[in-house]
Amino acid sequence: MPQDTRPALRRLAAPVRQALLPLADGVGAVTSSARALPDLLICGAQRAGTTSLFKCLSQHPAVTGPTLRKGVHYFDTDYARGLAWYRAHFPLLSSVREREGRPRVRVMESSPYYLFHPLAARRIARDLPGVRVVVILRDPVERAYSAHAHESARGFETEPFARAVDLEERRLAGEEARLTEEPGYRSHSHQHHAYLARGRYADQLARLERYLGRDRVHAVDHAELFDGTARELSAIERFLGLPPGPGLVPGRHNARGRSAMPASLRAELTDRFAESDAALTRWWGRTPSWRA
């Protein structure tokens, strides 16, 4: 059985890891049939702490992820590459099997576009039967503002926030239908300019439930996950069937500085989310923290 070099690669400095990424992917491709598929997906929401949760769960001795990356983006933008390509990104089956003194290691991936992409849930259900999904829900107004700062910093957005919100409906018009009808299509605006649409959580969660079942979807409130305790992380571990981890408190990663949102715009957007937040309350069976 070929040796899995992935744990050693993860300890390397970031520039070295980036340089070695093609080599690691090449090794993974050659040994794809001997590799595991994920037991856990962190599916979003974007700018809600998915990177922080991934990093925290990565410290659990019974959890591992793909090589040198958080997400593979298979179920949203790269599904045409096929399941063997996806499998190539994960550890060898021999390295995650149960051993004396250690339970089976769970394999995870985190791609926050999975929650919003209209075909991702169906694809996940087809290729990963039994997978469990975690979704982090953040105040949709704050999420939208954070997403705009993120997309602007990456060069995917050139308009100021208020203007981008005004443009959103026009930018997204027909894009979800085209993504559904043309499975190989990639939509720049659907992925990078959906500031308000990505915060209408109830429909996205209902879609996950329809394909995966409610018992395989765990929603967590961003404010509670990052309240300075390990309480919500422990609940996620129980949902995943993991033994208790090291009890780490989730930190914050990928935060971006930005100016305060004008109070009038915040109030307007809060009102615009009232209906979708009410639908979320009905789906979740509880009131989200930003509406409490």
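Analyst: A cavity, as the word is used here, is a set of grid points where a 1.4 Å probe fits but cannot get out, and its volume is the space filled by probe spheres set on those points. Rolling a probe the size of a water molecule over the atoms shows where empty space is left. The model examined in this way is a predicted one.

The protein chain has 292 residues, of which 52% count as buried, and its secondary structure consists of 15 helices and five strands. Among contacts between residues at least 6 apart in sequence, 77% join residues at least 24 apart.

When the whole structure is searched, two cavities of 30 Å³ or more are found. The second largest cavity holds about 30 Å³ of space, and its lining is made up of Gln-46, Arg-143, Ala-147, Glu-151, Gln-191, His-192, His-193, Ala-194, Tyr-195 and Arg-198. Helix H7 (140–153) and helix H10 (188–192) each give at least two residues to this lining, and the largest share, three residues, comes from H7. Sorted by class, the lining of the second largest cavity contains three nonpolar, four polar and three charged residues.

The largest cavity has a volume of about 40 Å³, and the residues that line it are Cys-56, Leu-57, His-60, Leu-233, Glu-237, Pro-246 and Leu-248. Here the elements that contribute two or more residues are helix H3 (50–58) and helix H13 (231–239). By class, the lining of the largest cavity divides into five nonpolar residues, one polar and one charged.

In H15, which spans residues 274–284, the buried residues are Ser-276, Asp-277, Leu-280, Trp-283 and Trp-284. These residues lie on the same side of H15 because they cover an arc of only 115 degrees around its axis. On the other side of H15, Glu-275 and Arg-282 are exposed, and just after the helix Gly-285 takes a positive phi of about 75 degrees.

Terms used:
Residues are numbered from 1 along each chain as its sequence is written. This is a predicted model: local features need pLDDT of at least 70, side-chain atom pairs count only at pLDDT 80 or more; totals for chains, interfaces and linings use all residues. Side-chain values use heavy atoms; hydrogens and water are left out. Helices (H or I, at least four residues) and strands (E, at least two) are DSSP runs, numbered from the N terminus. Buried means under 20% relative accessible area, exposed over 50%, partly exposed in between (1.4 Å probe, protein chains only). Contact means heavy atoms within 4.5 Å. On a 1 Å grid over the protein atoms alone, a cavity is a set of points where a 1.4 Å probe fits but cannot get out, and a pocket is an open set with protein on both sides within 12 Å along at least five of seven lines; lining residues have an atom within 4 Å of a point. Ala, Val, Leu, Ile, Met, Phe, Trp, Tyr, Cys and Pro count as nonpolar, Asp, Glu, Lys and Arg as charged, and the others, Gly among them, as polar. The arc is that of the directions from the helix axis to the C-beta atoms.
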